[in-house]
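Biologist: I am new to this structure. Could you take me through a few of its parts?

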Amino acid sequence: MNKIGKSCSAYLISMYESLPDYLMSCLDYCAIVTKRYPVVKDKIVRLLLAESLILEIEGEIIDNTAKNIIEELIDLGVVQEKNSWHEMEVPELYSKLCLVEVDEMEFFAKAVNLPVRAVIEDDGKDIPPDFRTLQIRSLFLITADRRSSSFASTPGLSPAYLATICKLKRLLVLDLDGKLERLPEEVCNLVHLRYLGLYWSYLDELPHTLGNLQNLQTLDISGCGQLMDELPMQVLNIQQLRHLIMSKTINDREIRVSSGIRTLKNLHTLDGVYAGGGIANELGSLTQLQRLSVRRVSEDHASELFAAITKMENLVSLSLQAEGHRRSLLPELESFSPPTFIQGLTLLGGLVEIPIWLASMDNLTMLSLCYSNLLENPTPALQYLPKLKLLYIGDAYKVKCIGKEFCKAGGFPKLETLVFSSERFLVEWTEIVNGAFPSLRHLEFHNCMNLSFLPEGLQNISTLEELILFNTHKDLRRRLLGEENYKIKHISEVKIWPR
């Protein structure tokens with residue numbers, strides 16, 4: 001190693017060792033969690049809470065304390081946000097300091113009296129017998145890389161793995177990521193469990209003994225497309241539950257909650273709930289909610305739902321999906337008056353026009369408009385939102401050509417990420433006026449298969465760091481690599497798929 005390399009290594013070690021204990025323990029845990037692939041910030045928050053790595057501060061919501069710690073780690077450069085969707089990772093240089101490679105024998109010898117966080121992959125082999133003697137606190141069990149094309153053909157989690165898991169009595173976090181076909185009843189005997197992740201599984205039911213998990217803070221069953229339509233009512237007995245995440249992806253169905261959801265007074269996240277059948281009125285009792293995602297909003301319950309949401313003074317993230325979202329309108333939005341502190345808003349469904357109140361949401365940092373089918377440019381009402389950092393327009397604007405009217409000089413002052421998706425319409429963006437998008441760093445086009453031209457003036461956005469083109473017209477790639485390369489040559493990272 002040369003002198004520069006030694007100096008850099010010494011600095012990194014010094015930086016790591018100088019971290020206060022609370023930051024070092026959180027960084028070490030982040031390094032374990034993100035070792036295989038990046039993990040979204042909200043999930044890391046929930047995991048840190050489950051492991052009791054966050055100390056409560058009087059008068060502050062502990063989830064917010066955890067987010068502030070992650071921001072502190074980001075500011076120090078020891079944790080990074082990988083992209084605009086808040087996926088987190090620990091840079092390899094710091095990860096090597098947090099994670100030390102040892103052989104199996106040495107590991108079991110050293111770890112016998114220490115709390116253990118384990119990430120293992122079910123590769124068909126049995127778990128070593130000594131594994132059961134360890135003080136496993138967090139277990140991340142992965143069937144296969146769910147991002148790979150081979151995932152669909154991989155076998156489910158083996159019974160041997162599941163039987164061993166059920167004997168880990170000190171387990172606080174159980175994260176089963178992959179093809180799980182049955183959850184044994186014995187899992188519900190893990191009474192210290194605070195986090196249970198079952199997403200993207202093949203489960204068709206949940207044990208009715210889930211109510212035994214009285215210490216559970218997070219239940220994540222998102223993406224479980226085979227799951228039954230109703231959550232076991234015993235879940236409503238888990239009074240410590242803070243995060244209930246239920247979004248489904250198959251057949252546009254949802255998991256319904258039983259009457260009584262209003263009793264979960266510690267609930268801060270409710271994701272994927274259906275508000276019909278009287279549930280909308282119950283939501284009005286959950287004034288402590290910070291994040292709410294509602295599926296299949298319809299005229300039958302929209303008034304009751306919006307009345308309930310206006311009572312949620314702690315709400316910072318709201319997602320509303322219309323019933324039959326690609327074809328239906330989001331009803332009664334004109335008379336809606338959302339809480340003023342909302343930072344993230346997703347509207348998924350048809351809009352007659354941009355709601356008037358949207359232009360006055362001064363705390364908004366993220367806005368997603370999907371399947372809005374707007375005939376007029378939505379940006380005059382949006383481009384002066386003072387804190388907006390991310391704007392996603394997904395089949396929201398039925399236009400073939402965008403011009404310089406899309407953003408005036410000085411428009412979108414804080415916007416860092418702009419994402420378009422337009423399968424049928426967008427063909428060309430002609431021009432960007434000088435001085436528009438003064439803070440833009442990431443520009444993405446997803447499935448804009450007719451898009452053939454990027455705008456003149458793109459070359460003047462000096463802040464732009466990344467351009468992503470996924471499934472755009474083949475002529476666009478040819479132009480950008482040829483005669484129109486001047487538009488993008490200042491951008492440090494350009495990704496074009498397919499190549």
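Biologist: Is Thr269 buried or exposed?
Modeller: This is a predicted model, and Thr269 sits in strand 10, residues 269–274. Its relative accessibility is 6%. The cut-off for buried is under 20%. Thr269 therefore counts as buried.

Biologist: Which side chain does Thr269 join in a polar contact?
Modeller: Leave out residues up to four places away in sequence, and Thr269 touches Arg242, His243, Leu244, Ile245, Leu289 and Arg291. A side-chain polar contact of 2.8 Å links Thr269 to one of these, His243.

Biologist: What is the relative accessible area of Phe420?
Modeller: Phe420 belongs to strand 17, residues 417–421. Set aside its neighbours within four places in sequence, and its contacts include Ile393, Phe406, Trp429 and Cys448. Phe420 is buried, and its relative accessible area is 4%.

Biologist: How many Å apart in space are Phe420 and Leu469?
Modeller: In sequence, 49 residues separate Phe420 and Leu469. In space, C-alpha to C-alpha, the two are apart by 9.8 Å.

Biologist: Why is helix 3 largely enclosed by the rest of the structure?
Modeller: Look at its residues, 41–50. Those buried include Lys41, Ile44, Arg46 and Leu49. Helix 3 is largely enclosed because the buried residues number 9 of the 10.

Biologist: At what angle do helix 3 and helix 4 pack?
Modeller: Two packed helices are described by the angle between their axes and the distance between the axes. For helix 3 and helix 4, residues 62–76, the axes are 9 Å apart. The crossing is right-handed. The angle is about 115°.

Biologist: Which residue with a positive phi follows helix 3?
Modeller: Its phi is near 55°. The residue is Ser52.

Biologist: What arc do the buried residues of helix 9 cover around the axis?
Modeller: Helix 9 spans residues 302–309, and its buried residues are Ala302, Leu305, Phe306, Ala308 and Ile309. They lie on the same side of helix 9, because the arc they cover is only 155°.

Note on methods. Residues are numbered from 1 along each chain as its sequence is written. This is a predicted model: local features need pLDDT of at least 70, side-chain atom pairs count only at pLDDT 80 or more; totals for chains, interfaces and linings use all residues. Side-chain values use heavy atoms; hydrogens and water are left out. Buried means under 20% relative accessible area, exposed over 50%, partly exposed in between (1.4 Å probe, protein chains only). Helices (H or I, at least four residues) and strands (E, at least two) are DSSP runs, numbered from the N terminus. The arc is that of the directions from the helix axis to the C-beta atoms. Contact means heavy atoms within 4.5 Å. Axes are lines fitted to C-alpha atoms, for helices over the stretch in contact, and angles run from 0 to 180 degrees between N-to-C directions. A crossing is left-handed if the near helix is turned anticlockwise from the far one by less than a right angle, and right-handed if clockwise. A polar contact is a pair of N or O atoms within 3.5 Å; within protein, one must be able to donate a hydrogen and the other to accept it, and residues adjacent in sequence count only if both atoms are side-chain atoms.
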